[in-house]
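Subject: Structure handover

Hello,

Here is the structure we talked about handing over. Please open it first, then read the notes below it.

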Amino acid sequence: MDNLYSSIMVQTKDSGQQHLLRFWNELDVTEQVKLAAQINSLDLKEVNSMFSHANVKKNSDSAVEPVRDSMVGTSNCPKEELETWRQVGLETLGRNEVGVILLAGGQGTRLGSEKPKALFDVGLPSKKSLIELQAEKIRKLEELSSGKISWYVMASPATVDQIQEAFENNENFGLDRDQVKIFCQGTIPCLSDEGDVLLKGRGIIATNPDGNGGLYKALKKEGILDDMRSRGIKHIFVYCVDNILVKVADPEFLGFCISRKADCGNKVVRRVEGESVGVTCLLDGKPGVVEYTEMSEEIREKKTPNDDLVFGAANICIHYFSLDFLSQAVEREADMPVHIARKKIPHIAECGNFITPEVPSGVKLEKFIFDVFQFADPEKFVVYESKRDEEFEPLKNSTGTEGTPASCRAAVAALHAGWLLRAGAELVGPDGEQVGVEDKMRKEVVVEVSPKVSYAGEGLEKIVGGKMLSWPLHLTKNKNYF
């Protein structure tokens with residue numbers, strides 16, 4: 001063990017992190033071996049470098065400009081153009097050229113759940129989890145396109161086992177086994193404000209997931225790019241699990257990006273004042289996103305003569321990459337900026353006591369998925385603006401006015417009720433009161449259309465046209481509605 005200690009001491013001393021061995025003599029042999037293995041798995045000099053660079057430059061330090069009009073497409077365009085994009089997307093899906101990456105590293109702690117957020121049930125009539133609903137959207141798209149979609153699910157160390165188990169227990173939610181690849185993002189040590197690596201136990205380093213930008217390291221480490229190439233995939237759709245309205249592998253967005261011969265695309269919604277969300281913009285002339293926490297007040301509040309927000313393209317973590325661009329981004333992962341956040345980090349103090357801070361006590365480093373936008377040629381970067389009430393309602397908190405299970409249920413009910421009304425159905429409540437277009441946002445309305453029936457409102461006329469439906473309503477497949 002003396003040789004092991006000597007080699008670890010050299011490594012930690014060279015990086016100025018020798019305090020990690022402060023309690024070495026108090027550990028048993030097994031604990032010493034585990035701590036040595038954890039230290040050996042880290043590049044401590046790289047951790048130091050990441051901390052230094054995170055403190056030096058932020059995205060907001062760049063010259064910030066709005067994206068150019070020539071980069072932008074919108075779902076408010078003429079129906080003929082929208083249908084053209086949709087057909088391009090469906091044809092690409094039909095050729096099995098689309099891979100979908102799901103970011104599912106988040107835990108359900110803020111929702112009061114011990115499960116991963118992906119497995120959370122917001123209380124819809126179907127009682128299905130976020131990930132099961134998304135799987136059903138994929139299956140419906142396969143039906144519409146006659147193709148097969150490969151689904152790559154990136155979990156975190158805290159969520160991977162439960163997500164893996166959920167797929168196994170539910171027969172991959174109806175997908176073929178070889179369609180689903182589950183892989184895990186990495187971690188980064190938690191640091192003090194001075195950059196010292198923190199211990200969460202006398203022989204255990206405190207770590208946190210490396211952010212959704214950890215995707216790029218994980219893609220390389222887990223051989224995902226090679227798998228994509230072997231399947232003939234050319235186009236990648238990336239999204240985050242917490243958005244209950246997400247149009248997984250959206251053929252309109254895909255078709256728009258492909259028609260524009262884009263390397264990289266970002267789907268956005270219009271930002272509202274006071275919203276804690278990053279904005280898509282140009283940073284020193286390059287595509288990028290400035291996170292809300294890094295935005296200056298000037299950027300947040302700047303308006304046009306028409307009183308619209310100048311920086312109004314809200315990032316909602318839905319992205320398009322060509323496989324060629326994604327491969328290049330993976331190779332340039334080291335060039336991505338590092339972001340820093342002060343957090344309350346439980347850790348072992350110098351005296352050996354375990355501390356649970358009540359105020360921020362250290363920093364977490366992470367990389368963001370959108371920071372590869374800077375590697376794209378601005379002429380091959382596009383932005384697609386969609387409608388918030390149709391495509392964006394993220395699940396964040398258990399209570400409050402937004403981002404809650406209740407707000408997610410209300411958003412689904414409003415969207416799906418609108419589909420049914422446009423398809424020619426009449427909706428009435430338990431008391432016989434009719435629900436009109438203006439009423440569908442009422443929070444008490446309970447309507448859910450199964451993704452197995454309709455992906456985005458299509459095909460409902462023949463099922464519900466001219467019929468009176470009463471809510472609460474769960475519209476499912478192979479059921480007659482009179």
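Helix H1 passes helix H2 in a left-handed crossing. Left-handed here means that the near helix is turned anticlockwise from the far one by less than a right angle, while clockwise would be right-handed. This is a predicted model, in which local features need pLDDT of at least 70 and side-chain atom pairs count only at pLDDT 80 or more, while totals for chains, interfaces and linings use all residues. Residues are numbered from 1 along each chain as its sequence is written, and side-chain values use heavy atoms, with hydrogens and water left out.

Helix packing

Two packed helices are described by the angle between their axes and the distance between the axes. H1 covers residues 2–14 and H2 residues 29–40; they pack at about 35°, with axes 11 Å apart. Helices (H or I, at least four residues) and strands (E, at least two) are DSSP runs, numbered from the N terminus. Axes are lines fitted to C-alpha atoms, for helices over the stretch in contact, and angles run from 0 to 180 degrees between N-to-C directions.

On the H1 side, Leu4, Ile8, Gln11 and Thr12 meet Gln32, Val33, Ala36, Ile39 and Asn40 of H2, where contact means heavy atoms within 4.5 Å. The residues of this contact divide into five nonpolar, four polar and no charged. Ala, Val, Leu, Ile, Met, Phe, Trp, Tyr, Cys and Pro count as nonpolar, Asp, Glu, Lys and Arg as charged, and the others, Gly among them, as polar.

The axes of H4 and H5 come within 9 Å and cross at roughly 95°. That makes H4 roughly perpendicular to H5 (the term covers 65 to 115 degrees; under 35 is roughly parallel, over 145 roughly antiparallel and the rest oblique). Arg86, Leu90, Leu93 and Gly94 of H4 meet Leu141, Leu144 and Ser145 of H5.

H4 also packs against H9: their axes come within 7 Å and cross at roughly 95°. H4 is therefore roughly perpendicular to H9. Among the residues in this contact are Trp85 and Leu93 of H4 and Phe256 and Ile258 of H9. The contact of H4 with H9 has nine nonpolar, four polar and two charged residues.

The second largest pocket

The lining has 16 nonpolar, four polar and 14 charged residues.

Two backbone details

A cis peptide bond, with omega about 10°, joins Trp471 and Pro472. Pro472 is in the loop between strands S23 (468–470) and S24 (473–475). Asn172 is not a glycine, yet has a positive phi of about 60°.

Regards
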